[in-house]
Amino acid sequence: MTRPNGGDLLVETLRGLGVDTVFGIVSVHNLPLVEAVDRDLRFVPVRHEAAAVNAADGYARASGTLGCALTSTGTGAGNAAGSLIESLSSGTPVLHITGQIDSAYLGSGRGFIHETKDQLGMLRAVSTHAVTVTDAARAGDILRDAAARALTAPHGPVSVEWPIDLQFAPQVLTGTPVPGATAPALPDAALLDAAAALLSGARRPLLWAGGGANSARPEVAALLDALNAGLVTSNSGRGAVPESDDRVLGNYATAPAGRALLAEADVLLSIGTHFRSNETADYGLRLPPVHIQLDLDPAAPGRVYPATVALHGDAAAVLAALLGRVTSGGTETSWPDRVRRARTEARTAQRHAIGPQAAVNDAIRDACPPGSVIARDVTIPSSTWGNRLLEITDPATNVFPRGGGIGQGLAMGIGAALGRPGAPTVVIAGDGGLAVHLGELLTLAQEKPDLTLLVFNDGGYGVLRNMQDTHFPRRSGVDLTTPDFALLAAAVGLPYARIAAEADAAPVIKAATASPGPTLVEVDLAALGPMNTPFTPPVKLPATATDTPGEGGNPS
């Protein structure tokens, strides 16, 4: 009987955390890890290392546990770096384990196969923590510490480089659990009292839920009840309170209805949000005069907007402490109706703006139960209605690239589907973004999750095309060759369907989500017809960047 090695140690650690699926690419520099995972858990062989990390990221978000990705060293680790940036931006708990050359040759610079200069430095730049296994006897402690760091809020990816000789080295399996996180202390009582007094005295209160509110869903809902308040969310905070609740304006802060509501509110409590540039109109959005900011990061309050009261701590614990201090009854009786009107106005305006794509939005929500993951790549349907109008009731189903990188949606959706197998998953992607990792169609066909891939085909990068058409005299790099998606689906063994009219949306999406396994659905945007309002990204351009030579003015 063979002695346990590093692969067995990895399996033991992951099993203890409830992780049953690992994503990666096999290599001569990670063979023991892949072999053990494939034998005892589920190893999903993706086609690109970036997709391995994206899939682990989606798995973590949908399952609520740790995601794990295995890559090779050198170029393989470099390929994973871009997706680690996404996990870093989103604060997703991902354990990235990359191989490394034999420990005897580390740092020698002699050109050992797959060797690269300062791989650890690269990994440190794109991870919350990165470490090298330098001693087989310490491998277990290093692995458990890495998992604990990834799972400690604010979460993020942790990278471990593991020399191949130390992966093969014998290990003693002790069953030692991964250490749990220590919750931060509550804010000073005087700060809690001050925040509670402001909330209790508010006449028109609003809450703003960011991703940090997702761990405090009962407390957020209870505070809404206590204050009779409305709720604005960032994209990351969608589902902290189900968007079916008529007190939820949602991710519409910069819409005219959202701006008007914020202008009328007198007190805002923000919970775990970064106030990202694309959700605040490049920080041009105005907040209410009194702003109570709660965040796990002690440096966050006041970083973007001034904070009247800054609260540092775990959202659930701090909100529970506030609930014990606030008194109700101060809210204007007309305020809840005002919130509901703003909610209706924002959604009605967007439905008109997106024109025929509203039928696709409705078909997805009608066909999918509330527990279905809705994964989105960066594409016009996602940036408009997918990130706002498409109702989310659970944060675990809200999977999207928070860092804004294109091409990550399919792999994230595959990981999410395998992490949450009880309901169908839908992935919204564009033809341009899908082409970035077209090889993952083979992973989709191989693993056969219950996943419907909606490819919105507009023949290129529609977001940038609209931007260039609005601000520049010509197009550059935005019109791309698009495959015949019916033939492409047939080539990889995927069922195919097409939406070419509003009437197609409901029956096609219903059939695709109801059938077992994956289906590729092409949304032919040329046939479906344009949006009533073309979408351009909320990015400010310097005036000189859009001046037409010889005219001295903006062509728009």
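In the predicted model, the largest nonpolar core comprises 76 residues, and within this core L70, I97, W162 and L453 are the members that touch the most other members. For L453, when neighbours within four places in sequence are left aside, the residues in contact are L410, V427, A429, L434, L441, L444, T519, L520 and V521. Apart from this core lies another one, which is made up of 49 residues and includes A255, L262, L285 and L528.

In the pair formed by helix α1, which spans residues 6–16, and helix α2, which spans residues 31–40, the axes come within 7 Å of each other and cross at roughly 50°. Because of this angle, α1 is oblique to α2, and the passage of α1 across α2 is a right-handed crossing. On the side of α1 the contact is made by G6, G7, D8, L10, V11 and R15, while α2 contributes P32, L33, A36, V37, R39 and D40. Sorted by class, the residues in the contact of α1 with α2 are six nonpolar, two polar and four charged.

The second pair consists of helix α8, covering residues 189–200, and helix α11, covering residues 315–323, whose axes come within 9 Å and cross at roughly 60°. The crossing in which α8 passes α11 is right-handed, and the contact is made by L192, A195, A196 and L199 of α8 together with V318, A321 and L322 of α11. In the contact of α8 with α11, the residues divide into seven nonpolar, no polar and no charged.

When residues up to four places away in sequence are not counted, D394 touches R217, G239 and R420. Between D394 and G432, which are 38 residues apart along the chain, the separation of the C-alpha atoms is 29 Å.

The other residue, K510, lies in helix α20, which runs over residues 502–514. Because its relative accessibility is 58%, K510 counts as exposed, the cut-off for exposed being over 50%. R420, one of the residues that D394 touches, is 90 residues from K510 in sequence and 19 Å from K510 in space, C-alpha to C-alpha.

Conventions. Residues are numbered from 1 along each chain as its sequence is written. This is a predicted model: local features need pLDDT of at least 70, side-chain atom pairs count only at pLDDT 80 or more; totals for chains, interfaces and linings use all residues. Side-chain values use heavy atoms; hydrogens and water are left out. A nonpolar core is a set of buried Ala, Val, Leu, Ile, Met, Phe, Trp, Tyr and Cys residues joined through side-chain atoms within 4.5 Å. Buried means under 20% relative accessible area, exposed over 50%, partly exposed in between (1.4 Å probe, protein chains only). Contact means heavy atoms within 4.5 Å. Axes are lines fitted to C-alpha atoms, for helices over the stretch in contact, and angles run from 0 to 180 degrees between N-to-C directions. Helices (H or I, at least four residues) and strands (E, at least two) are DSSP runs, numbered from the N terminus. Angles under 35 degrees count as roughly parallel, over 145 as roughly antiparallel, 65 to 115 as roughly perpendicular and the rest as oblique. A crossing is left-handed if the near helix is turned anticlockwise from the far one by less than a right angle, and right-handed if clockwise. Ala, Val, Leu, Ile, Met, Phe, Trp, Tyr, Cys and Pro count as nonpolar, Asp, Glu, Lys and Arg as charged, and the others, Gly among them, as polar.
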